[in-house]
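Trainee: I've just opened a structure I've never seen before. Could you walk me through how to read it?

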Amino acid sequence: MIDDIVRNVDRPMSEGPVEEKAHTRRMVQEALPIGDSDDLFSHRVAAEKAAETFAPQVKTERIAIGPGSKVKVESLSDGGKKLSFKLVDGKNDPDQGLVGIHSPLGAALLDAEVGESVEYQVGAYVREVKVLEIS
């Protein structure tokens with residue numbers, strides 16, 4: 001967004017809609033008064049301030065795996081096989097779809113987030129899964 005504002009402010013009036021140009025200049029002037037309107041540095045500072053002022057505020061909530069999480073993963077070491085299970089603070093029960101946090105897979109997944117890949121060891125083999133969903 002900053003570069004768009006700077007690009008619009010520094011573009012000659014003949015290269016864009018007058019209304020868009022005027023709106024961009026008003027945004028910049030409201031965000032940070034500048035002295036010399038031809039000074040590129042001033043434009044950049046003003047554009048950065050305008051971007052901060054007018055940028056939407058997005059709240060992101062971190063969702064990490066913990067006991068009780070329902071998890072869907074994709075095996076990166078077994079040809080993309082997908083698994084869904086609940087992470088529990090107890091023993092594994094594959095028939096019930098439960099993985100314990102003290103198992104190699106459960107321990108590796110603790111605090112992982114969607115999109116992360118984790119490795120865990122089973123015997124002599126290192127396995128890897130990618131977290132697809134957490135609920």
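Mentor: Let's go through it feature by feature, starting with confidence. Keep in mind that this is a predicted model.

Trainee: How confident is the prediction, and where is confidence lowest and highest?

Mentor: The protein chain has a mean pLDDT of 78, with 56% of its residues at 70 or more. Helix α1 (residues 2–10) has the lowest confidence, with a mean of 51, while strand β1 (residues 70–75) has the highest, at 97.

Trainee: OK, on to the sheet. In what order do the strands sit?

Mentor: The general idea first: strands of a sheet pair through backbone hydrogen bonds, either parallel or antiparallel. Here 5 strands make an open sheet, ordered β3-β2-β1-β5-β4, and the pairing is mixed. At the edges you'll find β3 (98–100) and β4 (117–122); each has a single partner strand, so one side of each has no neighbour in the sheet. On average, neighbouring strands are turned by 45° against each other, direction ignored.

Trainee: Which strands run parallel, and which antiparallel?

Mentor: Strand β2 (residues 82–88) runs parallel to β3, with 3 bridges joining them. Look for Leu87, which stands opposite Val99 in β3. On the other hand, β1 and β2 are antiparallel, paired over 5 bridges, and Lys70 has Lys86 in β2 as its bridge partner. β1 also runs antiparallel to β5, again joined by 5 bridges.

Trainee: Why does Ser75 count as buried?

Mentor: Its relative accessibility is 7%, and the cut-off for buried is under 20%.

Trainee: What does Ser75 touch?

Mentor: Leaving aside neighbours within four places in sequence, Ser75 is in contact with Gly80, Lys81, Glu128 and Val129. Val129, in β5, is also the bridge partner of Ser75. Then there's the side chain of Ser75: one of its polar atoms lies 2.9 Å from the backbone nitrogen of Asp78.

Trainee: How many salt bridges does a search of the whole structure find?

Mentor: It finds 1 salt bridge. The side chains of Arg127 and Asp78 meet there, at 3.3 Å from N to O. Arg127 lies in strand β5 (residues 125–134) and Asp78 in the loop between β1 and β2, so this pair ties together parts 49 residues apart in sequence.

Trainee: How exposed are Arg127 and Asp78?

Mentor: Arg127 is partly exposed, with a relative accessible area of 27%. Asp78 is partly exposed too, at 42%.

Trainee: Is Asp111 buried or exposed?

Mentor: Asp111 is exposed, with a relative accessible area of 52%.

Conventions: Residues numbered from 1 in each chain as written. Predicted model: local features only at pLDDT ≥ 70, side-chain atom pairs only at ≥ 80, totals over all residues. Heavy atoms only, no water. pLDDT = per-residue confidence, 0-100. Helix = DSSP H or I, 4+ residues; strand = E, 2+ residues; numbered from the N terminus. Pairing = 2+ DSSP bridges. Axes fitted to C-alpha atoms, helices over the stretch in contact; angles between N-to-C directions. Buried < 20%, exposed > 50% of the residue type's maximum accessible area, 1.4 Å probe, protein only. Polar contact = N/O pair within 3.5 Å; in protein donor to acceptor, adjacent residues only side chain to side chain. Contact = heavy atoms within 4.5 Å. Salt bridge = Lys/Arg side-chain N within 4 Å of Asp/Glu carboxyl O.
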